[in-house]
Each structure stands twice: as structure tokens, then as C-alpha cells.
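Hi,

Here is the structure I promised to pass on to you. Have a look at it first, and then read on for what turned up in it.

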Amino acid sequence: MKQTNQQWQSRREQAVPHGVGNALPVYIEKAKNAELWDVEGKRYIDFASGIAVLNTGHNHPAVIDAVRQQIEKFTHPCFQVTPYGNYIELAERLNKLVPISEPCQTLFLTTGAEAVENAIKVARIATGRSAIIAFRGAFHGRTLLGMALTGKVQPYKKGYGPFPAGIYHAPYPAAYLGVSDTQALASLAGIFAADVSPDEVAAIIIEPVQGEGGFYAASPSFMKQLRALCDKHGIVLIADEIQSGFCRTGKTFAIEHSEVEPDLITMAKSLAGGFPLSALVGKKSLFDKAMPGGLGGTYAGSPVAIAAALAVTDVIEQENLNQKAQEIGELITHRLHEMAEQFDCIGDVRGYGAMIAMELVEARDSHRPNKELTQELVKEAGKKGLVLLSCGVRANVIRFLVPLTAEKEIVNEGLNILSSCLELVQNTRLTK
């Protein structure tokens, strides 16, 4: 007998820790591209993509076919024990895809947090230094080192410390929050003056477009000055592209908008079209310092996930996903600007490509974030069949992560639902 959403929710509350998020308490039975259906048969439009994992949509035929073929061959010999060719093939592709002119190498792992941790390991072994600088508002994972790097306390860090030492945070340049490029760079100079000497800093890690932090994008000017600062002091520049990579911003990697070359790039999420795979890609000269056995993992570079990722890289080229990201981004941005004229709760609309955000405030005042309205909008949209995600250092940002393969009719349908839900929640609050 089929279980209802409520029955599954009751079972979840007994079996699964409360600390695991539960944005929308419905239970999915099937999915296709940008649509989901729950166990009760209700349809949803997916504007979340599994938190930016499905740039190629749910169950892309090429991805599913590649996985099916791989499963029939083998699933897990472990690359460090008995290696397999598709690991090397995908590494070669990523080495060519990244915007780094020097010879590159690729390490495969399973999660984004693992990619970040290994980026720090490589930077430390390559430089002989230990300190790391990250940015406020950043999200780099839920491991202890990932949390130490993350620049947002709630809900990720509170109560879980102490964290690894030697981590310093600078303000991220976000004009809407009143932080200029000049101020962010001055803060880095302040860290060097008051907290740690630059010759003790192994790496600076930055999201070219912050994900969980609210989809704020570092300007090309800031990225160029950050690159120059790293060059001056021999610091490794790590670009965290876990959420922004694989065409989400209209470029294969978001850092390409600045024309800056990082030393290392972390990637995961949409790399493998829904299968768990992450990668650290960067300069061979940095990887060369690691001893055999110092990098890797039992499940690192699953052959099944790698088969999926090879299919994803084919789809990127064959279906021109960067162009699709730009088209979807233009559609969403245009509609959101129209809504902003109607609803004074929309304080800002921003983004690169199809990595779009709208910030909800009181009466268009950037200093009055509206966290409660944001929560109500996500909840109401879910009731109406639209999956939304919130984010932001002030928890007042709606992020749009529509599959890049989504039909425009589906995207417009979702935006129509969004508009009606905005009207409902704003009017409801006005009448309270």
C-alpha cells in the first residue's frame, strides 16, 4: 500500500535526525528534467535542481544511459587499487576545460567538502604554509574544516566548535550589503597587519559567486586585484566553483567572467548530473608535492559517477548549455524585474547567467531584510507546486537554480506561480 507524504514525514521524524534540513515535506516518486511528482501524484516545478546539482535536469537520457552501461561493467574496484580508464578520460577533459593555462591535473573525490579539504591540503603541502583566508558569507562544507572555512554561523557552525585553527575571514565584496571592493581589499591588508603574516598564508579560497551566502558576485576588478595579491605573496588562489560551475553562470566556470586564472578549482554538484562526484583541478606543479597515498579515498572517483560526468561534459557541448544558461537567465531576470515593479518587497535582482537571486526586504529598504516573508514565500510556493530555495547571510534571498535544460514554458509557469505566491504572502502580511 502506498504511503502518503504525511506518513513518510511521520516515519522520517522517528528515523532521521532533526538536524537534516526539511525544506519541503513532500516525498518524490519520479522526476523528469525540471518536473517532479510526489508519492501522491502531485506535480512540482523544480527551481532548486537538488541545490544546483542538476544543470542537465533530472534523469537526462544521456546521463542515465551512460550510468546503465557502466553498471553492467563494474561498480567499484577502487581507483587506487585497480584503476580504470574513464577516471583518466574525465581528468583529461577537465584539465582542458578549466581556465588555467599551465599544465593541470585532476583529483576525483565524492563530495564538495572533500574537494575543499583536499584543496587546502594541496595548498599547504605545496607552499609549506598553514594559514588560510576565506570570506564572510562563504559556504565550503559541513566537515570541521569546511565549517571553519564557512563564513556563516547559523545553522552551520553554532555549537559544533572548536574548529581547526589558522582560518581567517575577510568581508566579501557585496555592494548591496555596503561592502565595496576597496573595503574588502583593505580588510585583507588588515588581516596581514594584525592577524597573520602573508608569508604564512597558504591559500585564499573564494566563491566567484557566493552560493549559500546570497548569490553575490565578486567583480572582475576585485578578482584581478585578489590574483595580484596572491601573486605578490606566493599565495595559492582557490576558486570554489561547487555551486557556480558547469555552465550555471553562462560560462563553464564563473571565474571566467573575470578572466582571472586560479591555481586550484573545486567542483562537484552539477559535475555528474545527480551522481555523487567532486573534483579538485589545478596546476600540476602544486599537486607534485603530494606523496603517493596522501590524496584519494575509498569511494573517490566512483566509476559510475564518472560515467555520468563524461555524459554531462558531452551534453554541455552538444546542447550548448552556456547559451541556454544565458537565455534562461535573461527570461528569469526580466520577469523578476517586472515583479519588482509590482512588489516593493523585492529589493534587488542579480546574477550571472542562470544563477539568479532576488533579495526580499521591507519597502525596498536594503537595510531591512525580510527573513519571515522569505520563509513564507518558500512554504507557499511549495503548496502551489513550485520548489524554491532560500539563502543569504540574512536569510532573505530566494535563489533560482532552474535546470538549464528546462523548457521555457515550464520556467514561465514556475514564474507565474512565484508571482501569485508573492502577491498572496505580501498581502497576507499587510492585513495582519
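This is a predicted model: local features need pLDDT of at least 70, side-chain atom pairs count only at pLDDT 80 or more; totals for chains, interfaces and linings use all residues.

Four strands form an open sheet in the order β1-β2-β3-β14, with mixed pairing. (Strands are DSSP runs of E with at least two residues, helices are runs of H or I with at least four, and both are numbered from the N terminus; two strands pair if DSSP finds at least two bridges between them.) At the edges are β1 (28-32) and β14 (386-387), each pairing on one side only. β14 runs parallel to strand β3 (residues 43-46), and 2 bridges link them.

Residues are numbered from 1 along each chain as its sequence is written, and side-chain values use heavy atoms, with hydrogens and water left out.

There is also an open sheet of 7 strands, again with mixed pairing, in the order β4-β10-β9-β8-β7-β5-β6. Its edges are β4 (104-109) and β6 (167-170); each has a single partner strand, so one side of each lacks a neighbour in the sheet. On average, neighbouring strands here are turned by 20° against each other, direction ignored. Within this sheet, strand β8 (residues 236-240) runs parallel to strand β9 (residues 264-267), joined by 3 bridges. Ile-238 has Leu-264 of β9 as its bridge partner.

Which strands does helix α7 (residues 181-194) touch? They are β5 (131-135), β6 and β7 (201-206), and the direction of α7 makes about 150° with that of β6. (Contact means heavy atoms within 4.5 Å; axes are lines fitted to C-alpha atoms, for helices over the stretch in contact, and angles run from 0 to 180 degrees between N-to-C directions.) Helix α8 (residues 220-233) lies across β5, β7 and β8, at about 170° to β7.

Last, a helix pair. The axes of α3 (residues 61-71) and α10 (residues 303-318) come within 8 Å and cross at roughly 150°. α3 and α10 are therefore roughly antiparallel, a label for angles over 145 degrees. Residues making this contact include Ala-66 and Gln-70 of α3 and Ala-307 and Val-315 of α10.

Enjoy exploring!

How values were computed:
Angles under 35 degrees count as roughly parallel, over 145 as roughly antiparallel, 65 to 115 as roughly perpendicular and the rest as oblique.
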